[in-house]
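Take a look at the chain below before reading on.

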Amino acid sequence: KSANPQWREQFDFHYFSDRKDMLDIEVRRKDNKKHEELLGTCQVDITALPMKQTSCLELPLEKHPGSLLMLIAVAPCTGVSISDLCVCPLGDPSERQQISQRYCIKNSFRDIKDIGFLQVKVLKAVDLLAADFAGKSDPFCVLELGNDSLQTHTVYKNLNPEWNKVFTFPIKDIHDVLEVTVFDEDGDKPPDFLGKVAIPLLSV
């Protein structure tokens, strides 16, 4: 019930230089759980922002009244990657040895914020729900840890998709929960939910 909402929330997005350079933003309002109305959109060209500093941007909403005030910081990111199974970042024995040394007891207080990282191999899904009329789905998998989010590619027309991807996340809080959600891609419409599992880091 506000025309001037303040969210004050921070989100981390992993921006890879080989991807598209535009950050797409939508502002929506909800009447109830099912109905949503678009209040406006805007875009930010990531390549135009300076590195290693925070930019304060007031972005007018396209074709709608109002504007969005955001703070955006572009900074080099370590420990985050998406790779194929055959080039797994921890597959190299020498790299494993370096990591073991980096996180050994004597180095515990060298960088308090560097808790460690989590590597997840997303292999496949089995017997998914059929979301299309043809009895198939177009599934992709989203991994979320805190406010970090990475996702697989979509495997079309398949209830037993194989992704075979390796995801690496930096850990910021050992009490975080890894949430793995499978969606059905549905063109321009919001994706359909196919299932979810939550894994507390402390259980790993």
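What follows describes a predicted model, starting with the nonpolar cores.

In soluble globular proteins, nonpolar side chains tend to be buried together. The largest nonpolar core here is made of 19 residues. Those with the most contacts inside this core are Leu118, Val122, Cys141, Leu143, Trp163, Phe169 and Leu178. Which elements give two or more residues to this core? They are strand S6 (116–124), strand S7 (139–145), strand S9 (162–171) and strand S10 (177–186). The largest share, four residues, is supplied by S9.

Leaving aside residues up to four places away in sequence, valine 122 touches Cys141, Leu143, Thr152, Trp163, Asn164, Lys165 and Phe167. Another core, of 12 residues, lies apart from the largest one. Among its residues are Leu57, Leu61, Ile72 and Val74.

Now turn to the sheet. Strands of a sheet pair through backbone hydrogen bonds, either parallel or antiparallel. In this model, four strands form an open sheet, in the order S8-S7-S10-S11, with antiparallel pairing. Why is one side of S8 and of S11 left without a neighbour in the sheet? Strand S8 (148–151) and strand S11 (189–200) stand at the edges and each has a single partner strand, so one side of each has no neighbour there. From one strand to the next, the twist averages 25 degrees.

Within this sheet, S7 and S10 pair in the antiparallel sense over seven bridges. Proline 139 has aspartate 184, in S10, as its bridge partner.

Notes: Residues are numbered from 1 along each chain as its sequence is written. This is a predicted model: local features need pLDDT of at least 70, side-chain atom pairs count only at pLDDT 80 or more; totals for chains, interfaces and linings use all residues. Side-chain values use heavy atoms; hydrogens and water are left out. A nonpolar core is a set of buried Ala, Val, Leu, Ile, Met, Phe, Trp, Tyr and Cys residues joined through side-chain atoms within 4.5 Å. Buried means under 20% relative accessible area, exposed over 50%, partly exposed in between (1.4 Å probe, protein chains only). Contact means heavy atoms within 4.5 Å. Two strands pair if DSSP finds at least two bridges between them. Axes are lines fitted to C-alpha atoms, for helices over the stretch in contact, and angles run from 0 to 180 degrees between N-to-C directions.
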